[in-house]
Amino acid sequence: DDVPSFDYGGFVVGERTQSATLYAKSSGVLAGIPFFFAVFEELGCTVEFLLKEGEKVDCPAGSKIPVAKVTGPARFILLGERTGLELVVRCSSIATHARKCVDLALQHDFHGVIAGTRKLAPGLRMVDKYALLVGGADTHRMDLSSMIMLKEQTNI
């Protein structure tokens, strides 16, 4: 949806094969690799990840760590850049927060389940639920048909 009719920037940079590097600029849990791959595979680019899904990235303040390398026609790298980056950032953020919650629970000898809720961004349910799993949390229920849940504020 980022290019409804014509990509002027892509036209300017052309078809020459280029490489771009994805960097981590803060510490956290890397997540979203399959989505990043899918974006660039659709555009005919290749992706090489230097870190693994679910890996903890320790990035000191002010530094950056290479995470992946994308190779392909320059215009297609630019076309997929924003979508791929946003998916990795979203997944990594959710996975990082999930991991922190799970680790905190373990530190305090909690024997319950740390789970996400259904309060997700429209259209990104599977992305968000996937990120919870990478972070070590439970997905709870996938949708309203997964189980019945009524709360005291539910008025019928």
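What share of the contacts in the chain with a separation of 6 or more comes from residues 24 or more positions apart? I found that such residues account for 70% of these contacts, a contact being heavy atoms within 4.5 Å.

**Basis.** I worked on a predicted model, in which local features need pLDDT of at least 70 and side-chain atom pairs count only at pLDDT 80 or more, while totals for chains, interfaces and linings use all residues. I number residues from 1 along each chain as its sequence is written, and side-chain values use heavy atoms, with hydrogens and water left out.

**Overall layout.** I looked up the secondary structure and found four helices and five strands, arranged along the sequence as α-β-β-α-β-β-β-α-α. Helices (H or I, at least four residues) and strands (E, at least two) are DSSP runs, numbered from the N terminus. I noted that 33% of the 156 residues count as buried; buried means under 20% relative accessible area, exposed over 50%, and partly exposed in between, with a 1.4 Å probe and protein chains only. The accessible surface comes to about 10300 Å², and carbon and sulfur atoms hold 57% of that surface. These areas come from the Shrake-Rupley method with a 1.4 Å probe, and for residues only the protein chains shown count as cover.

**The sheet.** I traced an open sheet of three strands in the order β1-β5-β3, with antiparallel pairing. Strands β1 (17-24) and β3 are its edges, each pairing on one side only; two strands pair if DSSP finds at least two bridges between them. Neighbouring strands of this sheet are turned by 20° against each other on average, direction ignored. Axes are lines fitted to C-alpha atoms, for helices over the stretch in contact, and angles run from 0 to 180 degrees between N-to-C directions. I found four bridges between β3 and the antiparallel strand β5 (residues 65-73), and T46 stands opposite T71 in β5.

**Helices on the sheet.** Helix α2 packs on the sheet and touches β1, β3 and β5; its direction makes about 155° with that of β3. Helix α3 also packs there, touching β1 and β5, and its direction makes about 145° with that of β5. Within α3 (residues 74-107) I looked up T96, which is buried with a relative accessible area of 12%. Leaving out residues up to four places away in sequence, T96 touches G28 and V29.

**Aromatic residues.** A search of the whole structure gave four aromatic pairs. Rings of Phe, Tyr and Trp (its six-membered ring) pair if their centres lie within 6.5 Å; planes under 30 degrees apart count as stacked, over 60 as edge-to-face and the rest as tilted. F35 and Y130 form an edge-to-face pair, 5.3 Å centre to centre with 85° between the planes. This pair links F35 in helix α2 (residues 33-42) to Y130 in helix α4 (residues 125-134), 95 residues apart. I recorded F35 as partly exposed at 22% and Y130 as partly exposed at 25%.

A further edge-to-face pair joins F36 and F49, at 5.5 Å centre to centre and 80° between the planes. F36 belongs to helix α2 and F49 to strand β3 (residues 46-49), 13 residues apart. Buried or exposed? I found F36 buried at 4% relative accessibility and F49 buried at 16%. F36, F37, F40 and F49 form one aromatic cluster.

**A charge over a ring.** K64 lies over the face of Y23, at 4.4 Å from the ring centre. The criterion is NZ of Lys or CZ of Arg within 6 Å of the ring centre and within 35 degrees of the ring normal.
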